[in-house]
Amino acid sequence: MDAQYLRSTKCIDSAHPAVQRFAKEVTAEATTDLDRAIALYYAVRDCYRYDPYRVDLSVRGMRASAVIEREYGFCIPKATLLAAAARHVGIPSRLGFADVKNHLATEKLLRLMQTDLFVFHGYAELWLNGQWVKATPAFNKSLCERFNVASLEFDGRHDSLFQQFNQDGDRYMEYIRDRGQFDDVPLAEIVEAFRKHYPAMMAGAGYDVGGRFEDEAGP
């Protein structure tokens, strides 16, 4: 396995004391890489709420340690935190990206975005039992309950990706384009794509639309 998937980077800052403390505490009782990966997944998924209303696309804003500091993040920094914590406990990790159509975003967010296409949706990939396994810790359990969508589970053996339909059979998520895998956040590409697709929202390197996403979420 290449050393690049274990090193600390600008955004996957696995050497940051807060990331190391988080990883150590979460995996304290785990005895295998599989157990450590599962414990980290659920901690990132549910201890840090998903919120795409405040997006900071600077290096500082996209770091794993920033999620711990703010106690929330959207899909990319939450995946970055999972990748960073995994690297600290010796599990090789990388980031994967895809463009997705999200049919359960809030009306407010869709109105501002002027599209239901979410570019560069981020997830983590962990090297477990000789293979890369996808892990998507974006939506915390309480948010999924508000959207009437089953929360994504992770067993370390099978890919954990968004479901196509919610629990009522309504369309939930469509994967449109695979953006590939990276050993760190491809920040310049993400900023360019956000400015192209969300010109009404982007001001500099991010946006803040106010409010809390989970408070406005619902079926």
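This report walks through a few local features of a predicted model.

**Helix H1 and its partners**

Start with helix H1, residues 17-26. Its buried residues are Ala18, Val19, Phe22 and Ala23. They cover an arc of only 130° around the axis, so they sit on the same side of H1. An α-helix has 3.6 residues a turn, so residues three or four places apart point the same way. On the other side of H1, three residues are exposed: Pro17, Lys24 and Glu25.

What do the buried residues of H1 pack against? They pack against helix H2 (33-47), helix H4 (64-70) and H5.

Two packed helices are described by the angle between their axes and the distance between the axes. For H1 and H5 (residues 75-88), the angle is about 75° and the axes are 9 Å apart. Angles of 65 to 115 degrees count as roughly perpendicular, so H1 and H5 are roughly perpendicular to each other. H1 brings Val19, Gln20, Phe22 and Ala23 to the contact. H5 brings Leu81, Ala84, Ala85 and His88. By class, this contact has 6 nonpolar and 2 polar residues, and no charged ones.

**Cysteines**

How many disulfides does the model have? The count comes to 0. A disulfide is a covalent bond between the sulfur atoms of two cysteines. Here a pair of cysteine sulfur atoms must lie within 2.5 Å to count. The sulfur of cysteine 75 has its closest cysteine sulfur in cysteine 144, 13 Å away, and that is too far for a bond. Cysteine 144 is therefore in no disulfide either, with the sulfur of cysteine 75 as its nearest at 13 Å. Cysteine 75 is buried, with a relative accessible area of 9%. Cysteine 144 is buried too, at 4%.

Alanine 135 lies in strand E6 (residues 131-135). Its relative accessible area is 0%, so alanine 135 is buried. Setting aside residues up to four places away in sequence, alanine 135 touches Tyr41, Leu82, Tyr123, Ala124, Phe154 and Ser160. Alanine 135 and aspartate 155 are 20 residues apart along the chain, and their C-alpha atoms are separated by 9.4 Å.

Aspartate 51 lies in a loop, between strand E1 (49-50) and strand E2 (54-56). Is aspartate 51 buried or exposed? Its relative accessibility is 0%, so aspartate 51 counts as buried. Neighbours within four places in sequence aside, aspartate 51 is in contact with Tyr72, Gly73, Phe74, Gly211, Arg212 and Phe213. Tyrosine 72 is 21 residues from aspartate 51 in sequence, while the two are 6.3 Å apart in space, C-alpha to C-alpha.

Glutamate 71 has a positive phi although it is not a glycine. Glutamine 114 also has a positive phi and is a residue other than glycine. Their values are set out below.

Exposed means over 50% relative accessible area.

Technical notes
Residues numbered from 1 in each chain as written. Predicted model: local features only at pLDDT ≥ 70, side-chain atom pairs only at ≥ 80, totals over all residues. Heavy atoms only, no water. Axes fitted to C-alpha atoms, helices over the stretch in contact; angles between N-to-C directions. Helix = DSSP H or I, 4+ residues; strand = E, 2+ residues; numbered from the N terminus. Parallel < 35°, antiparallel > 145°, perpendicular 65-115°, else oblique. Contact = heavy atoms within 4.5 Å. Nonpolar A, V, L, I, M, F, W, Y, C, P; charged D, E, K, R; others polar. Buried < 20%, exposed > 50% of the residue type's maximum accessible area, 1.4 Å probe, protein only. Arc of directions from axis to C-beta.
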